[in-house]
Amino acid sequence: MATVLAFANQKGGVAKTTSTLNTGVALREMHHRVLAIDLDPQANLSMCQGIDPDALTRSVFDVLVHREPLEDIIIRSEIDIAPASIDLAGAEMALSSAIGRERSLEKALLAVRHRYDYILIDTPPSLGLLTINAFTAADGVIVPVQCEYLSLRGLAQLERTLEMIRENLNPAVGIKGILPTMFDSRTIHGREAIQILKDNFGDRVFDTVVRKTIKFAEAPVQGTSIMAYDPEGEAADTYRGLAKELLNNLEKEMLNGQSSEHEGRGFGEPLPAYGASI
Ligand SMILES: Nc1ncnc2c1ncn2[C@@H]1O[C@H](COP(=O)(O)OP(=O)(O)O)[C@@H](O)[C@H]1O
Ligand SMILES: [Mg+2]
């Protein structure tokens, strides 16, 4: 039965899509069966695998809104992809009056969960109904954060949304890890950002830190992951390291029989003012 992980942060440009794809391909290299679901109407994940969203006859939209089987839209690429198209932008509206609107994705996953080891969901830059569907379907959430523009206020808002999801829809969901991305070791700011994350979130911050490199912008142009674009490079190795760290954490959690939730300082206490708010 697949472990379902949502990559989420309501801030755009923090490497959600990049991390979803490359973590997925790294898990695939380790011989796991991986499905990635593109839940962003901008369809960047689909495009990163050379899929033209405008040429699709069916997409995640049809699965969520018309209840078509998820397996019918899956495209086999470096990993299996459930692609998005621009009409997904209308899904929140189309679902808004539907009963069980938060559970559309969870239901769609039921039929395919046994076929995969990991199902990774790429979410749009908002905490709207699409992201809520991802949180409701997920066993856990991975939160990529950009070291350059760290927004603790945004992270607190994300935690509050997850708290509501736990109360109402999915008691098990929590943050599995916070992933610092676009790290530039030459700046004091980048190092400070990691320290602040560790002060606030403790163990929940991954040891893996993704450095800033142009390679991440180049790979999608070729329609490939960083593993296919530059297999021997440091960037590919970073996501391989993240996949290993993630699996270790999940295994530890299973042995302890508890979630990694509520470690670190928590949100009851005031947060230091830092970075841009969203
Ligand atoms: N570690 C990195 N270093 C430099 N650029 C990156 C890195 N990770 C992602 N990018 C680039 O930053 C942009 C935003 O990344 P993306 O994954 O699309 O973010 P999101 O899905 O959160 O909006 C993309 O152009 C991507 O190629
Ligand atoms: Mg994205």
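Two strands pair if DSSP finds at least two bridges between them. I also keep in mind that helices (H or I, at least four residues) and strands (E, at least two) are DSSP runs, numbered from the N terminus.

Before the details, some ground rules. This is a predicted model, where local features need pLDDT of at least 70, side-chain atom pairs count only at pLDDT 80 or more, and totals for chains, interfaces and linings use all residues. Residues are numbered from 1 along each chain as its sequence is written, while chains are lettered from A and ligands numbered from 1 in the order in which they are written.

**Entry 1: overall.** I looked up the make-up of the protein chain and found eleven helices and seven strands. The C-alpha atoms fill a box of roughly 50 × 45 × 35 Å along the principal axes.

**Entry 2: strand β1.** I went to β1, residues 3-7, and looked for its partners. Three bridges join β1 to strand β6 (residues 140-146), and the two run parallel. Here Phe-7 stands opposite Ile-142. With β5 (residues 118-122), β1 pairs in the parallel sense over five bridges. Thr-3 has Tyr-118 as its bridge partner there, and Phe-7 has Asp-122.

**Entry 3: burial.** A residue is buried if 20 or more other C-beta atoms, placed from the backbone, lie within 10 Å of its own. In the protein chain, 48% of the 278 residues count as buried. For β1 I noted four of the five residues as buried, so the strand is largely enclosed by the rest of the structure. For β5 I noted five of the five. Tyr-118, Leu-120 and Asp-122 are on one side of β5, with Ile-119 and Ile-121 on the other. I jotted down that side chains in a regular strand alternate between the two faces of the sheet.

**Entry 4: the other neighbour of β5.** Strand β2 (residues 34-38) also pairs with β5 in the parallel sense, over five bridges.

**Entry 5: the core.** A nonpolar core is a set of buried Ala, Val, Leu, Ile, Met, Phe, Trp, Tyr and Cys residues joined through C-beta atoms within 7 Å. The largest has 79 residues, and Val-60 and Ile-121 are among those touching the most other members. Helix α11 (residues 234-256) gives the most to this core, with six residues.

Notes. A residue is buried if 20 or more other C-beta atoms lie within 10 Å of its own, exposed if 12 or fewer, and partly exposed in between; C-beta atoms are placed from the backbone.
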